[in-house]
Amino acid sequence: MTSATRRPNIVLIQADQLAAAALGAYGNAVVKSPHLDALAADGVTFDRAYCNSPLCAPSRASMMTGLLPSQIGAYDNGSDFPASIPTFAHHLRSAGYATTLVGRMHFIGPDQLHGFEERLTTDVYPAGLDMVPDWDLPGEERLPWYHDAGSVFTAGTSRATVQQDFDDEVLFRTLRHLNDRARADDGRPFLLVSSFIHPHDPYEPPVEHWNRYEGVEIDAPRVSAEAVEQLDPHSVRLQQMSGFDVKVPDADQVQRARRAYYACVSYVDDHVGRIVQRLDELGLRQDTVIIVTSDHGDMLGERGLWYKMSPFEQSSRVPLIVNAPSRFATRRVDEPVSLIDVLPTLVDLAGAAQVAGPGRSLVGDLEARPVVIEYLAEGTTRPHVTVVQGRFKYVRCPGDPDQLFDVEADPDELTNLADDPAHAGVLGELRAEVAARYDLTALERDVRQSQARRRVVHRALTSGAPTAWDHQPPVRPDYVRGDFWTALERGRLTATPSTGS
């Protein structure tokens with residue numbers, strides 16, 4: 001990408017658990033995602049964008065800071081996100097941007113802003129230390145908050161759900177905030193992060209979106225559980241953790257869950273369309289860079305796996321679309337990138353001073369470099385580290401056999417090349433890359449110690465009278481208060497009727 005000189009507004013839209021492979025823009029011929037596809041059609045589409053942890057909280061904290069989860073201690077969904085680590089919201093706010101968060105970000109800890117000047121909703125998930133893994137538990141012992149296979153077996157429509165209520169509020173607050181920015185006379189460009197919980201399980205779309213797939217043949221997983229000769233140990237652990245080792249969905253149940261997921265994608269797509277429409281209506285689109293991404297993907301039955309937590313493509317590869325036709329020529333980028341590149345990219349777009357870190361700005365030419373994916377949460381008992389370099393993906397977890405895939409020749413990751421003499425050189429290079437980056441023994445010790453400390457804190461904080469860290473947005477003061485006519489005039493954004501109205 002190449003940049004223009006004027007500092008743009010930035011709207012970052014994030015979905016939760018949206019796999020790149022579940023969008024038309026990335027080759028899915030079944031899903032109905034016209035608004036997202038349109039953004040990709042005249043935008044910059046990154047075909048190999050990865051999350052840096054296939055789990056909500058660590059992925060989001062990593063994206064916000066431009067650092068890997070292990071660098072900030074954000075190991076899992078029960079790890080507090082330190083308030084002292086700068087985020088892209090801090091950097092852009094310091095550079096003169098109005099910074100606003102609407103919706104989901106899964107911040108754990110008492111700081112629920114992390115540099116945003118305002119946050120217009122609470123979060124859909126709790127901010128406390130409720131989801132601390134325990135690597136000392138035997139594999140068959142499940143904690144109550146684990147992902148559960150039931151989401152697949154109960155997939156179907158709902159008139160209302162907690163997640164629908166939340167995302168509808170996120171859309172409403174986003175549209176109203178854009179109105180506010182159009183009214184603003186402070187001269188500041190703005191950063192707006194609008195973050196949705198869909199298509200995260202449970203797969204419960206509105207009836208309207210489910211009906212869009214009536215008569216549509218829903219594609220089956222490309223790789224069935226039966227097609228894999230032997231699951232790798234991490235996949236076995238994930239199946240056991242979620243209960244898929246004892247309860248296996250049949251073909252009809254898999255098809256129904258995938259249809260429900262696609263319908264949830266269409267629901268998010270409609271919300272994205274409304275945001276883009278409002279930018280157009282307010283005359284803000286020309287000066288706004290729109291970025292769309294997700295925190296991780298969803299296995300959707302591939303290999304008999306569901307949800308995330310896996311280094312396989314369906315779980316770890318995310319959409320990353322940058323749309324600003326007046327600034328960036330339409331193109332597709334094959335070079336592997338990751339969510340830690342978001343911070344330096346936003347800083348670059350804002351004209352702020354670049355900061356040191358493992359990410360790189362996606363504005364301009366890209367140099368080839370490794371992408372790192374960490375998994376340090378439930379479903380494993382040792383650090384799980386993946387390196388993507390060029391066409392190869394290397395997976396390292398102490399105690400498990402190494403895995404090496406050529407994702408260009410073998411996009412379904414069916415052939416482990418780790419024992420192939422012809423790939424010994426590549427394997428050695430990627431092993432050395434992991435060894436240079438990590439002391440896995442020390443990292444395992446740090447994770448276990450962190451888990452133990454947080455379990456003590458959680459027990460204490462849930463005893464007696466607990467105090468929640470959840471963010472409660474303030475009541476808006478700008479309806480009619482005091483001077484009636486001045487208040488009405490301040491809130492008015494005039495519109496010109498279309499021809500024939």
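A nonpolar core is here a set of buried Ala, Val, Leu, Ile, Met, Phe, Trp, Tyr and Cys residues joined through side-chain atoms within 4.5 Å. The legends below describe close-up views of a predicted model.

**View 1. The largest nonpolar core of the model comprises 69 residues.** Within this core, Ile13, Tyr203, Tyr261, Tyr262, Ile275 and Trp306 have the most contacts. At least two core residues are supplied by each of β1 (9-16), α1 (34-41), β4 (98-103), α6 (162-183), β6 (190-199), α8 (233-242), α9 (251-281) and β7 (288-294). Helix α9 provides the largest share, 13 residues. Apart from this core lies another one, of 42 residues, which includes Ile72, Phe116, Ala324 and Val347. In soluble globular proteins, nonpolar side chains tend to be buried together.

**View 2. The surroundings of Ile275 in the largest core are shown.** Residues up to four places away in sequence being left aside, Ile275 is in contact with Val11, Ile13, Leu171, Thr174, Leu175, Leu178, Ser194 and Phe196. Ile13, one of these contacts, is also listed with Ile275 among the core residues that have the most contacts inside the core.

**View 3. Asn52 occupies the loop between β3 (49-50) and α2 (56-65).** The relative accessibility of Asn52 is 1%, and Asn52 therefore counts as buried, the cut-off being under 20%. Polar atoms of the Asn52 side chain lie 2.9 Å from the backbone oxygen of Val372 and 3.3 Å from the backbone nitrogen of Leu339. Not counting residues up to four places away in sequence, Asn52 touches Ser62, Leu68, Pro69, Ser338, Leu339, Ile340, Val372, Ile373 and Glu374.

**View 4. Three strands form an open sheet in the order β8-β3-β11.** Pairing in this sheet is mixed. Two bridges join β3 to β8 in the antiparallel sense; Tyr50 has Arg317 of β8 as its bridge partner.

**View 5. Helix α8 has buried residues at His234, Ser235, Leu238, Gln239, Met241 and Ser242.** These residues lie on the same side of α8, because they cover an arc of only 165° around the axis. An α-helix has 3.6 residues a turn, so residues three or four places apart point the same way. Among the elements covering the buried residues of α8 are β12 (371-375) and β13 (384-389).

Definitions and conventions: Residues are numbered from 1 along each chain as its sequence is written. This is a predicted model: local features need pLDDT of at least 70, side-chain atom pairs count only at pLDDT 80 or more; totals for chains, interfaces and linings use all residues. Side-chain values use heavy atoms; hydrogens and water are left out. Helices (H or I, at least four residues) and strands (E, at least two) are DSSP runs, numbered from the N terminus. Buried means under 20% relative accessible area, exposed over 50%, partly exposed in between (1.4 Å probe, protein chains only). A polar contact is a pair of N or O atoms within 3.5 Å; within protein, one must be able to donate a hydrogen and the other to accept it, and residues adjacent in sequence count only if both atoms are side-chain atoms. Contact means heavy atoms within 4.5 Å. Two strands pair if DSSP finds at least two bridges between them. The arc is that of the directions from the helix axis to the C-beta atoms.
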